[in-house]
Amino acid sequence: MTGGRDPRRSGRPRPNAGRRARTGSRTGFYLTVVGLILALLVIGTLIVCFLTSILNISEFATANEGRYTPQELAEAAGIKLGEKIWSVDTKKAERNILETYTEIGSVKIKRELPDRVIFEPVYATAKYYIALYGEYYTLSDSLRVLERVESRSYCTGLRLVCLELPEIRRAVTGEVLTFAAENSVDYIARMLSAVSGSELYSMIDKLSVKSKFECYAIKTDCFKITFGEVKDEILKIKMALRVMEDGGYHTQTGVFVDATDASEVVVAVRKNEKIG
């Protein structure tokens, strides 16, 4: 054997030793992070399971006053005291309320920890009514059927506006009216929105939208405003009201207003001609 040193016994570090050390360090770090994440997931799951096992509903409340009490809304929703607060299917419960109480236009159900359920109903307002097969239906301005009643006097007592509509296919409380001609919905909705959002609504007792091209509004024995086609309806209403006010016609009887052309509103007074 020669006197030279064996390289295998040399004190020099091997070329790959540092790389292996760094790789091992990173691996240990990643394993630690993964372990922490798994531990947090396990702890979170245990906390959720614990909370869901003890959070029972003990109180119902409403965010705004209305016709129905929190207990009545809870009963309609199918939610009971003592039920686990996280077990409530809020979407299903909201649908149940809308199906039970048709005068509620929309509703939200919220959980307030630890044990409170809050109802937030928005009540639809009756604006119009229709006569159909000897019965009367009150409607919101979105044509949702709110009530079915047997007396016209009930509707007039609420100062609702009578609607004349095209052929109706279906009228069910809680649902929006459907028509034989499906393309009727758009122009009717536009006209109702324009009337409801103006002073005209409080002045009339009848609105006819049976045809898209022959719309008119009436205050019995006082005036009739003809709009013709549902086009530029907001402007037509605005100009008709301005002409009536300027001429003092809104306090007279037998007044016929032609607002089919918003740029040229024409008024005629025929006191011997009945309006209604």
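User: What counts as a pocket here, and what volume does the largest pocket have?
Analyst: A pocket is an open set of grid points with protein on both sides within 12 Å along at least five of seven lines, on a 1 Å grid over the protein atoms alone. The model examined in this way is a predicted one. In it, the largest pocket has a volume of about 300 Å³.

User: Which residues are the closest to the centre of the largest pocket?
Analyst: The lining of this pocket is made up of 13 residues, which divide into seven nonpolar, two polar and four charged. Of these 13, the closest to the pocket centre are Arg-159, Leu-160, Ser-202, Ile-204 and Asp-205.

User: Is Arg-159 buried or exposed?
Analyst: Arg-159 is found in the loop between α4 (152-157) and β7 (161-164), and its phi is near 60°, a positive value in a residue other than glycine. Since the relative accessible area of Arg-159 is 70% and the class above 50% is exposed, Arg-159 is exposed.

User: Is Leu-143 buried or exposed?
Analyst: Leu-143 also has a positive phi, near 70°, in a residue other than glycine, and its place is in the loop between β5 (135-139) and β6 (145-149). The relative accessible area of Leu-143 is 4%, and values under 20% fall in the buried class. Leu-143 is therefore buried.

User: Which residue does a cis peptide bond join to Pro-114?
Analyst: Pro-114 has its place in the loop between β2 (104-112) and β3 (116-123). The peptide bond in question is cis, with omega at about 15°, and the residue that it joins to Pro-114 is Leu-113.

User: Which are the edge strands of the open sheet of nine strands?
Analyst: The order of this sheet is β6-β5-β4-β7-β10-β11-β12-β13-β14, with mixed pairing. Two strands pair on one side only, and these edge strands are β6 and β14 (266-269).

User: Which residue in β10 is the bridge partner of Glu-164?
Analyst: Strands β7 and β10 (residues 206-208) run parallel and are joined by three bridges. In β10, the partner that Glu-164 bridges to is Ser-208.

Conventions: Residues are numbered from 1 along each chain as its sequence is written. This is a predicted model: local features need pLDDT of at least 70, side-chain atom pairs count only at pLDDT 80 or more; totals for chains, interfaces and linings use all residues. Side-chain values use heavy atoms; hydrogens and water are left out. Helices (H or I, at least four residues) and strands (E, at least two) are DSSP runs, numbered from the N terminus. Buried means under 20% relative accessible area, exposed over 50%, partly exposed in between (1.4 Å probe, protein chains only). On a 1 Å grid over the protein atoms alone, a cavity is a set of points where a 1.4 Å probe fits but cannot get out, and a pocket is an open set with protein on both sides within 12 Å along at least five of seven lines; lining residues have an atom within 4 Å of a point. Grid points are joined across faces, edges and corners, and a volume is the space filled by probe spheres set on the points. Ala, Val, Leu, Ile, Met, Phe, Trp, Tyr, Cys and Pro count as nonpolar, Asp, Glu, Lys and Arg as charged, and the others, Gly among them, as polar. Two strands pair if DSSP finds at least two bridges between them.
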